[in-house]
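Colleague: I am new to this structure and would like to go through it slowly, one question at a time. Could you show it to me before we start?

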Amino acid sequence: MLLKTEGIILNSSDVGEADLLAKVFTEDHGIQTLAFKGIRKSRKRSHSAIEPGMRSFFQYKTSSHGIQVADEFSPLDTHDPIRGDLSRIVLMHFLLEAVLLTSGHNVADRFLYLTLRAAIETAEKDDCLYPLP
């Protein structure tokens with residue numbers, strides 16, 4: 001079955017020479033493990049859509065063994081203010097890790113998804129954090 005949804009990348013890890021596995025917190029299906037085949041060697045597909053914290057659109061095929069293969073994906077937010085600021089990066093990774101550790105696979109939680117999305121958007125604002133010493 002082919003599914004289309006938006007989601008936030010929680011973490012990712014390299015697999016083999018060219019593939020990548022990512023835990024994605026989706027709005028409609030909870031945490032999903034998506035395989036991105038050949039992404040690390042691809043020059044056509046952007047890696048920015050699968051960086052931790054990115055909110056992206058995903059189209060993927062479901063499978064019975066728990067890992068879905070992503071067919072299409074594209075970023076919905078770039079989070080540019082976060083990328084160059086260590087304190088914002090630390091905050092975002094803390095939020096992602098908290099969701100990863102407290103949520104289950106295939107357990108949809110729209111409220112938590114929207115809360116995480118809002119928290120990341122708040123981290124982009126100039127006045128949300130004190131600078132690290």
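Colleague: In which sense do strand 2 and strand 3 pair, and over how many bridges?
Modeller: This is a predicted model, and in this model strand 3 covers residues 30-36. Between strand 2 and strand 3 there are three residues, and the two strands form a hairpin. Their pairing is antiparallel, and the number of bridges is seven.

Colleague: Which residue in strand 3 is the bridge partner of Leu 20?
Modeller: Along this pair of strands, Phe 25 stands opposite Ile 31 of strand 3. For Leu 20, the bridge partner in strand 3 is Phe 36.

Colleague: How many bridges join strand 1 and strand 2, and which residue in the hairpin takes a positive phi?
Modeller: Strand 1 spans residues 2-15 and strand 2 spans residues 19-26, and they pair in the antiparallel sense over eight bridges. One of the residues to look at is Asn 11, whose bridge partner in strand 2 is Lys 23. Three residues lie between the strands of this hairpin, and the one with a positive phi, near 65°, is Gly 16.

Colleague: In what order do the five strands close into a barrel?
Modeller: The pairing in this barrel is mixed, and from one strand to the next the twist averages 55°. The order in which the five strands close is 1-2-3-5-4.

Colleague: Which strands does helix 2 touch, and at about what angle does helix 3 run to strand 1?
Modeller: Helix 2, residues 86-102, packs on the sheet and touches strand 1, strand 2 and strand 3, with its direction at about 105° to that of strand 1. Helix 3, residues 110-123, lies across strand 1, strand 2 and strand 4, and its angle to strand 1 is about 60°.

Colleague: Why does the pair of Phe 25 and Tyr 113 count as tilted?
Modeller: A search of the whole structure finds three aromatic pairs. In the pair of Phe 25 and Tyr 113, the ring centres are 5.9 Å apart and the planes stand at 45°. Planes under 30 degrees apart would count as stacked and those over 60 as edge-to-face, so with an angle of 45° this pair is tilted.

Colleague: How many residues apart in sequence are the parts that this pair ties together, and are Phe 25 and Tyr 113 buried or exposed?
Modeller: Both Phe 25 and Tyr 113 are buried. Because Phe 25 lies in strand 2 and Tyr 113 in helix 3, the pair ties together parts whose separation in sequence is 88 residues.

Colleague: Which residues form one aromatic cluster?
Modeller: This cluster is made up of Phe 36, Phe 58 and Phe 73.

How values were computed. Residues numbered from 1 in each chain as written. Predicted model: local features only at pLDDT ≥ 70, side-chain atom pairs only at ≥ 80, totals over all residues. Heavy atoms only, no water. Pairing = 2+ DSSP bridges. Helix = DSSP H or I, 4+ residues; strand = E, 2+ residues; numbered from the N terminus. Axes fitted to C-alpha atoms, helices over the stretch in contact; angles between N-to-C directions. Contact = heavy atoms within 4.5 Å. Phe/Tyr/Trp six-rings, centres within 6.5 Å; stacked < 30°, edge-to-face > 60°. Buried < 20%, exposed > 50% of the residue type's maximum accessible area, 1.4 Å probe, protein only.
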